[in-house]
Amino acid sequence: MAEDSPKRRKANFNEAETEVLIEQVLKHEQLLFAAGPGRASPGQKRKVWELIRHKVNPVAACPRDVEDLKKRWRDLKRRDRSKLCRLSQGCGPPGPAALGLLLAPEEMPPAAPPGR
């Protein structure tokens, strides 16, 4: 009987992989996640995820498949939501302090003029 080697897990996503994944998913967000009558077919979504995979793999520490990318995207969304929830202390709408921690300075909404 041949010895089966234990399955080794893949390396963690590095920063470059994560950046490319976020950039590409946001670029194709409407196609991937839209609801309603104008949504994409499963075949179209599969093609978009394959395109994203081809963009991520050149910067990847190890080859990624579509399921790896989908799981990483779900984990990123969940982590950001829970971070936002913790910062806003009660899972209501985030306050300005919470937004400041989550958004880059160029993404911040313009401040309201004083006296309003």
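Trainee: What volume does the second largest pocket have?
Mentor: About 220 Å³. Keep in mind that this is a predicted model.

Trainee: Which residues line the second largest pocket?
Mentor: The lining is made of Arg9, Lys10, Ala11, Asn12, Phe13, Arg64, Asp68, Lys71, Arg72 and Asp75.

Trainee: And how many of the lining residues are charged, polar or nonpolar?
Mentor: Seven are charged, one is polar and two are nonpolar.

Trainee: Let's pick Asp68. Where is aspartate 68 found?
Mentor: In helix H4, which covers residues 66-88.

Trainee: What is aspartate 68 in contact with, leaving aside neighbours within four places in sequence?
Mentor: Lys10, Phe13 and Pro63. Of these contacts, Lys10 and Phe13 also belong to the pocket lining.

Trainee: What joins the side chains of aspartate 68 and lysine 10?
Mentor: A polar contact of 2.5 Å.

Trainee: How far apart are aspartate 68 and arginine 53?
Mentor: They are 15 residues apart in sequence. In space, the C-alpha to C-alpha distance is 9.3 Å.

Trainee: New topic, helix packing. At what angle do H3 and H4 pack?
Mentor: About 90°, with the axes 9 Å apart. H3 spans residues 42-56. The angle makes H3 roughly perpendicular to H4.

Trainee: Which residues meet there?
Mentor: From H3, they are Trp49, Glu50, Ile52, Arg53 and Val56. From H4, they are Val66, Leu69, Lys70 and Trp73. So Arg53, the residue you asked about, sits in H3 and takes part in meeting H4.

Trainee: How does that contact split by class?
Mentor: Six nonpolar, three charged and no polar residues.

Trainee: What about H1 and H4, at what angle do they pack?
Mentor: About 85°, and their axes are 11 Å apart. H1 is residues 15-27. H1 is therefore roughly perpendicular to H4.

Trainee: Which residues of H1 and H4 meet?
Mentor: Thr18, Leu21, Ile22, Val25 and Leu26 in H1 meet Leu69, Arg72, Trp73 and Leu76 in H4. By class, this contact has seven nonpolar residues, one polar and one charged.

Trainee: Which H4 residues turn up in both helix contacts?
Mentor: Leu69 and Trp73. Each meets residues of H3 and of H1.

Notes: Residues are numbered from 1 along each chain as its sequence is written. This is a predicted model: local features need pLDDT of at least 70, side-chain atom pairs count only at pLDDT 80 or more; totals for chains, interfaces and linings use all residues. Side-chain values use heavy atoms; hydrogens and water are left out. Helices (H or I, at least four residues) and strands (E, at least two) are DSSP runs, numbered from the N terminus. Contact means heavy atoms within 4.5 Å. A polar contact is a pair of N or O atoms within 3.5 Å; within protein, one must be able to donate a hydrogen and the other to accept it, and residues adjacent in sequence count only if both atoms are side-chain atoms. On a 1 Å grid over the protein atoms alone, a cavity is a set of points where a 1.4 Å probe fits but cannot get out, and a pocket is an open set with protein on both sides within 12 Å along at least five of seven lines; lining residues have an atom within 4 Å of a point. Grid points are joined across faces, edges and corners, and a volume is the space filled by probe spheres set on the points. Ala, Val, Leu, Ile, Met, Phe, Trp, Tyr, Cys and Pro count as nonpolar, Asp, Glu, Lys and Arg as charged, and the others, Gly among them, as polar. Axes are lines fitted to C-alpha atoms, for helices over the stretch in contact, and angles run from 0 to 180 degrees between N-to-C directions. Angles under 35 degrees count as roughly parallel, over 145 as roughly antiparallel, 65 to 115 as roughly perpendicular and the rest as oblique.
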